[in-house]
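I will go through a few local features one after another.

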Amino acid sequence: MSLNRIAGSLGAAAFACLTATSALAHITLETRQAPIKSTYKAVLRVGHGCEGAPSLKIRVQIPEGVIAVKPMPKPGWTLETVRAPYKQPAGYYGETLTEGVKEIAWTGKLLDEHYDEFVFRAYLSDTLKPATMLYFPAVQECEGGKAERWIEIPAEGKSMDDYKYPAPGLRLLPAKATN
Ligand SMILES: [Cu+2]
């Protein structure tokens, strides 16, 4: 690798995110904690493109235990979903759900200098464990074949801040004792 290429890739990495904290950059969730056995409104926040290139597609994977997912359509964006069986059927208001949306993709265009939010609603089933972190791996595809893959899942004892491309994370709280 030539010196120019090394300098170029270092510059690109710095440009991607290092100027801001992970709370403001990357792809992150607006609400970072929620109780299990409740409906959760996930707002994915996209703070920048890929090294300056506009984002063309935002894809998010739905982890096991997150059921009854409904994405919110966005004007100007094409919405696609992938449905698949759940590994473990889960209770949902007296029903048992065995399959549902496992991946969502919004296709459109978001300039690097702009900010946008991508929303879906989901139910955090009782198959999930309170006091753990839940991650929603997200991939941002950009113009010119570039991509940023927010898929790193922090190991035990590490946090999202320890990673360059952390997956958006949610801390699970105990179910509310209302009934
Ligand atoms: Cu970032």
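Let me start with a question: what is the torsion about the S-S bond of Cys 50 and Cys 142, and is the disulfide right-handed or left-handed? Before I answer, please keep in mind that this is a predicted model, in which local features need pLDDT of at least 70 and side-chain atom pairs count only at pLDDT 80 or more, while totals for chains, interfaces and linings use all residues. Residues are numbered from 1 along each chain as its sequence is written, and side-chain values use heavy atoms, with hydrogens and water left out.

Now to the answer: that torsion is about 65 degrees, so the disulfide is right-handed. The pair links distant parts of the chain, since Cys 50 sits in the loop between strand 3 and strand 4, Cys 142 sits in strand 10 (residues 138–142), and 92 residues separate them. Strands here are DSSP runs of E with at least two residues, numbered from the N terminus. The sulfur atoms of Cys 50 and Cys 142 are 1.9 Å apart, and a disulfide is defined as a pair of cysteine sulfur atoms within 2.5 Å. By this rule the count comes to one disulfide. Both Cys 50 and Cys 142 are buried, where buried means under 20% relative accessible area, exposed means over 50%, and partly exposed lies in between, with a 1.4 Å probe and protein chains only.

In the loop that holds Cys 50 we also find Glu 51, whose phi is near 50 degrees, a positive value in a residue other than glycine. Most residues other than glycine have a negative phi. Glu 51 counts as partly exposed, because its relative accessibility is 36%. Ala 131, in the loop between strand 8 and strand 9 (133–135), likewise has a positive phi, near 65 degrees, but Ala 131 counts as exposed, at 60% relative accessibility.

Let us turn to strand 3 itself, which covers residues 38–46; seven of its nine residues are buried, so strand 3 is largely enclosed by the rest of the structure. Strand 3 pairs with strand 1 (residues 27–29) in the antiparallel sense over three bridges, and pairing requires at least two bridges found by DSSP. Nine bridges join strand 3 to strand 8 (residues 116–124), and these two also run antiparallel. If you look for Val 46, you will see it opposite Ile 27 and also opposite Asp 116 in strand 8.

Notes. Helices (H or I, at least four residues) and strands (E, at least two) are DSSP runs, numbered from the N terminus.
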